[in-house]
Amino acid sequence: MIEKSGPTGYETSPGLYLSLTCLSCNGVADINDCLSTAATCQNSNEECYLDKTILPNLLAVFSAGCRSKQVCDLFAAASAGKRETSRTKRTTVACAECCTTSSNNSTGIPCNGYLCNQKPKTDITTCGVCDKVADPTLCSVIQDCPPNEVCTSELMFANNQLVHRLGCERKDVCDVTLKGYKNANPGQYTGPKRKRVDGEIVICSSCCDTRTCNMADCKSLINSKCTTIVALDLRF
């Protein structure tokens with residue numbers, strides 16, 4: 001088993017794997033078209049990749065996702081401008097690169113968004129949007145929020161199990177909650193012990209404003225001073 005440090009997306013303890021999230025797209029004309037879909041690599045033998053291919057009409061397209069480390073190593077060893085020929089047309093792979101960093105620390109965009117000298121836009125709040133998933137890092141639906149919304153993450157008890165709900169919420173709603181949080185007791189939330197929503201018990205609720213920041217455990221967002229706008233720990 002290949003062991004890599006935590007920031008690369010791999011657990012350092014033998015036998016444990018921290019999932020690596022990558023941008024995922026196929027044959028798009030702009031790297032920003034890849035920002036709406038994510039792929040989770042299956043194991044430590046896969047890495048994020050980005051291919052820039054020149055078509056016969058001289059247009060460039062991008063493909064991204066997870067790729068085996070063995071293939072990544074082969075591309076890295078190959079010379080630039082490797083050509084792949086189909087049955088009737090010829091295309092040129094102008095760039096094929098891989099990475100294993102979970103995301104850019106300042107934008108939250110997976111590392112393959114910056115391969116092949118690309119600079120994706122970061123002025124749009126993009127959030128994971130999933131309902132009742134067991135692990136927020138496995139949410140594969142990514143959506144651009146309206147300008148007045150931010151990302152939300154909730155940990156709840158529903159149907160006798162802990163699940164996560166991810167989505168977008170109006171910033172003013174989060175601001176109101178934050179004001180109540182600060183007025184209650186700076187540095188420590190002392191509100192209700194639990195919050196019921198449609199029969200479900202919300203244990204933790206948070207808002208944040210960086211790309212896909214809500215695709216993390218709600219309690220970890222509470223401890224993240226750089227991304228959390230409001231994080232309420234509603235304990236039983």
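A residue counts as exposed when its relative accessible area is over 50%. This model is predicted, and in it Asn159 has a relative accessible area of 67%, so Asn159 is exposed. Asn159 lies in the loop between β11 (149-158) and β12 (161-170). Asn160 lies in the loop between β11 and β12 as well. Asn160 counts as exposed because its relative accessibility is 70%.

Most residues other than glycine have a negative phi. Asn159 is not a glycine, yet its phi is positive, about 55°. Asn160 also has a positive phi, near 65°.

## Gln42

Gln42 is found in the loop between β3 (38-40) and β4. Its relative accessibility is 62%, so Gln42 counts as exposed. The side chain of Gln42 reaches the backbone oxygen of Thr40 at 3.4 Å. Thr21 is 21 residues from Gln42 in sequence, and the two C-alpha atoms are 9.7 Å apart in space.

In soluble globular proteins, nonpolar side chains tend to be buried together. The largest nonpolar core here has 19 residues, and those touching the most other members are Leu23, Cys34, Cys48 and Leu50. Two or more residues of this core come from each of β1 (21-23), β2 (25-28), β4 (46-54), β5 (60-68) and β7 (90-99). A second, separate core has seven residues, among them Ala38, Cys130, Val133 and Leu166.

Which residues does Leu23 touch, not counting those up to four places away in sequence? They include Cys34, Leu35, Thr37, Ala64, Gly65 and Ile109. Pro110, Asn112, Gly113 and Arg211 are also touched by Leu23.

Conventions: Residues are numbered from 1 along each chain as its sequence is written. This is a predicted model: local features need pLDDT of at least 70, side-chain atom pairs count only at pLDDT 80 or more; totals for chains, interfaces and linings use all residues. Side-chain values use heavy atoms; hydrogens and water are left out. A nonpolar core is a set of buried Ala, Val, Leu, Ile, Met, Phe, Trp, Tyr and Cys residues joined through side-chain atoms within 4.5 Å. Buried means under 20% relative accessible area, exposed over 50%, partly exposed in between (1.4 Å probe, protein chains only). Helices (H or I, at least four residues) and strands (E, at least two) are DSSP runs, numbered from the N terminus. Contact means heavy atoms within 4.5 Å. A polar contact is a pair of N or O atoms within 3.5 Å; within protein, one must be able to donate a hydrogen and the other to accept it, and residues adjacent in sequence count only if both atoms are side-chain atoms.
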